[in-house]
Amino acid sequence: MTASHSDSLVVLFGATAGAYGAKLGSDERELILLVWQVVDLHSKKVGTLHKSLVKADSLELSDQCREVSGLTPEGLSKAEPLDRVLQQLSQLVSSDLKLLGRSSYTLCTDGQLLIRQVLHPEASKKNFLLSDCFYSFYDLRKEFHTCYPNSASVKDQTIKSMAEYIGLETDETEEDFGVWQVKTMVAIIFSMLSETCITDCRFTDPETVKYKYETGPCSKSEAVDSETVIRARGLPWQSSDQDIARFFKGLNIAKGGVALCLNAQGRRNGEALVRFVNPEQRDLALERHKHHMGSRYIEVYKATGEEFLKIAGGTSNEVAQFLSKENQVIIRMRGLPFTATLEDVLGFLGPECPVTGGKEGLLFVKYPDGRPTGDAFVLFSCEEYAQNALKKHKEILGKRYIELFRSTAAEVQQVLNRYLSTPLIPTLPTPIIPVIPPPYTIAAGSIRDCVRLRGLPYTAGIDDILEFMGDATADIKPHGVHMVLNQQGRPSGDAFIQMKSSDRAFLVAQKCHKKMMKDRYVEVFQCSGEEMNFVLMGGTLNRSGLSPPPCKLPCLSPPAYAAFQTAAAVIPAEAALYQPQALLSTTRTPQASAAAPPTVTYYPAQAAQLYMNYTAYYPSPPVSPTTVGYITAPPAAVAAAASATHTPMLPQPGALVRMQGLPYNTGMKEILSFFQGYQYAPDDYNGLIQLNDQARSVLQAPKEWVCL
C-alpha cells in the first residue's frame with residue numbers, strides 16, 4: 001500500500017493551552033505541544049518519536065489543559081517559540097526520512113482541527129509563513145471511516161474509539177500526554193494497511209488548504225448552498241476581502257466567496273457574507289465566533305445562499321467582463337468629477353501604478369440613464385501597484401479630492417446593483433379622485449398632542465409602529481403617522497404621531513418609552529405640532545432645544561418671483577386637486593396678501609412629472625397621509641386646468657433649470673449667488689413657477705425628508 005503523493009507519513013499531534021478534543025482551537029489559545037513520528041508506508045517502519053514543547057506568548061493554562069496534559073507554565077517558559085519548533089520539526093523529519101531511504105512525506109493528523117483551526121490561524125496572527133507541508137494532510141478519521149464503513153461517523157471518532165474498534169489494546173496511563181496518541185495513531189495506520197482491512201484503503205486523497213483567497217465574479221443564476229455561507233459582523237470598516245480571508249486562514253473560501261456588505265449610503269457597514277467550499281468548512285468557521293481581528297472580536301453566524309446572491313450576485317455583462325481578469329487587486333475610487341474621463345483617471349494614477357489592460361481595467365459606475373455617479377473601480381496586477389495607488393488617497397483631481405479604498409469583486413457587483421436599481425424619476429401613483437381621502441391637517445400649535453419615536457429599526461414600517469403602540473393606536477388621528485427620511489430617501493429612525501389629545505400623547509410617552517421594537521429599544525417623547533412641523537421641514541429637536549429649519553431663516557429667504565401667466569402653464573385636467581393645508585407655514589413673500597385666495601396643490605400627470613429626485617413619497621398606509629412634496633399653482637392656473645383637454649405640458653422650454661451635484665448643505669442663498677448675473681428681468685419670468693415657503697423647503701431641505 002503506497003500513497004500516490006508521498007511514500008511516507010508524518011503522524012502529528014498537538015495541544016493548545018486551552019480547550020481539548022472537539023473544541024481544539026475554538027478559544028484562540030496558543031499551541032504548547034507538538035509530537036510527531038515518521039511512518040514508512042512501504043516497509044512499515046517508523047522513525048524516532050519526537051516531543052517538543054512550545055513557548056506561548058501567554059503562559060496561562062486552562063484547568064482542562066493542566067489536568068489532561070500535566071504541563072506547567074514553568075516548563076513551557078524554557079521552550080522555544082512556535083516558528084523555531086516548526087523549523088526543528090522540518091529538520092528532524094528530513095533526517096528521519098534519509099535514514100528510512102525516503103524523500104517525500106505528507107502529514108497525518110487526528111481530524112482537521114490541529115492544521116486548520118490552530119496552526120494556520122496562529123501562524124497568520126504571528127506573521128510567519130508555514131512550509132508547504134502544512135497545506136496538504138491526511139485526516140486519519142476520514143481515512144479510517146473509508147477503510148471501516150461500519151465504524152462510527154467521522155464527527156464522533158476519537159483516537160480511543162478507533163483503537164477499540166480494531167481491537168488494539170493500549171494503556172493511556174503508561175505514556176506521556178501526546179506520546180500515547182501518536183503511538184496509537186501509528187498502530188491504527190498499520191492496521192488499516194494490513195490485509196484485514198475491509199476495503200482497499202490507500203492514502204491517496206489528502207485534505208488541502210488554499211494558499212490564498214481567489215477573487216472572481218458571482219452570477220445571480222448560480223446555485224449557492226445555504227449550508228456553506230456565514231455572516232461575519234463587527235469588521236473594521238476598512239477591512240478588505242483579503243483581511244477577511246486571513247481571519248479565516250486555514251479554511252477554504254470559495255472563489256469570489258467574500259461579499260462585503262454596504263449600508264444605505266454605499267459605505268461598508270462592518271458586515272460580510274462569506275461562502276465556503278463545503279458545509280464542513282462552514283461549520284469550522286462558526287467555531288471562530290468572537291475570535292479577534294486585531295483588537296476587535298468578530299461575530300460569526302449562519303447565513304443563506306439567497307442573502308449571499310443578493311449581495312454578490314450580478315447580471316451585468318460589463319461587470320463580468322471587468323472581473324474576468326482574475327487575481328487582480330481591485331481599488332475603488334470615490335468622489336470623481338462627473339466630467340472625468342478614462343484618460344483623466346489614468347493620468348491621476350500615473351506611471352507608478354499602471355492599470356491592468358489600460359482603459360479596460362477601469363470601470364465607471366453610472367446611473368441607468370448613463371449619468372456618472374462619481375465612483376469607479378480599477379484593476380492592478382500586483383500588490384505593489386495597488387499600494388502606490390492607495391498613497392494617492394485624497395489627492396486632487398480637477399477641483400475634488402479623490403478617496404481610494406481596497407475593494408472586492410462582490411463590492412463591485414453590489415455597487416453596480418445599487419445604482420442600476422435606482423429609479424430615474426420617483427414614480428408617483430396615478431391619482432384616482434374617488435378613492436383619495438379628504439385632506440388632513442398637520443397641527444401647528446403649541447398643544448403637546450404629538451409623540452416622537454426615535455431610534456426605530458431602519459426596517460420598521462407602519463405596521464410595526466402600530467404593533468409597538470398596542471391599544472394606543474385607537475387614539476391616533478386619521479392619517480397621523482409621519483415617517484422621517486434622511487437625505488438619501490431612506491428611513492432615518494424617527495417618526496411623529498399625532499394623537500387625539502395631549503393626555504393621550506402623555507400616556508403613550510409614559511407607556512412606550514424605551515419599549516423594544518424588534519431588537520432595538522425606542523425612545524418616545526411628547527411634543528407639540530409646532531415642534532413636529534419644524535423637524536419635518538428640516539429643523540432639529542434635541543436636548544439643546546429647537547432649531548428652526550433653514551427655510552425659516554431670514555438670511556436664506558430669496559426674493560419673490562412674479563407668478564407665471566396662465567397661458568404658460570397647463571395643469572392636467574385629470575389631476576387630483578386639493579385645498580392647501582397647514583403642512584407648512586404660509587408663504588413669507590412680500591407679495592403674499594392675507595386676502596389672496598388659497599393656492600392649490602396637485603399631482604403632476606405621468607407625462608408632466610417634474611424631474612426632481614429630491615421629493616419623497618411614501619405609499620399611503622392606513623394612518624399615513626396621502627400627500628406628497630408639493631409645488632403649488634396660483635388660482636388662475638386651476639381655472640385653466642379645469643378647461644384643459646389637450647396633452648399636459650410643462651412650462652415652455654428653457655423656463656426650468658435642473659441642477660445636479662449640489663453639496664448637501666447648499667441653500668437658496670448659495671444657488672442665487674451661483675446664478676449672479678444671469679437673472680432675468682421681471683417681465684421675463686413668465687415661465688417660472690412661483691415658490692412659496694412650502695415648495696422652497698422641499699427644494700432646499702438639507703437635513704431630513706418627510707415620508708408622507
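A crossing is left-handed if the near helix is turned anticlockwise from the far one by less than a right angle, and right-handed if clockwise. This is a predicted model, in which local features need pLDDT of at least 70, side-chain atom pairs count only at pLDDT 80 or more, and totals for linings use all residues. Residues are numbered from 1 along each chain, and side-chain values use heavy atoms.

Select residues 140–147, helix 5, together with residues 179–193, helix 7, whose axes come within 11 Å and cross at roughly 30 degrees. The two helices are therefore roughly parallel (an angle under 35 degrees), and helix 5 passes helix 7 in a left-handed crossing.

Next show the side chains of L140, E143, F144 and C147 in helix 5, which meet M185, I188, I189 and M192 in helix 7, contact meaning heavy atoms within 4.5 Å.

Now move to the second largest pocket, where the residues closest to the centre include L262, N263 and Y458. Among the elements that give two or more residues to its lining are strand 9 (253–262) and helix 14 (409–420).

Terms used. On a 1 Å grid over the protein atoms alone, a cavity is a set of points where a 1.4 Å probe fits but cannot get out, and a pocket is an open set with protein on both sides within 12 Å along at least five of seven lines; lining residues have an atom within 4 Å of a point. Helices (H or I, at least four residues) and strands (E, at least two) are DSSP runs, numbered from the N terminus. Axes are lines fitted to C-alpha atoms, for helices over the stretch in contact, and angles run from 0 to 180 degrees between N-to-C directions. Angles under 35 degrees count as roughly parallel, over 145 as roughly antiparallel, 65 to 115 as roughly perpendicular and the rest as oblique.
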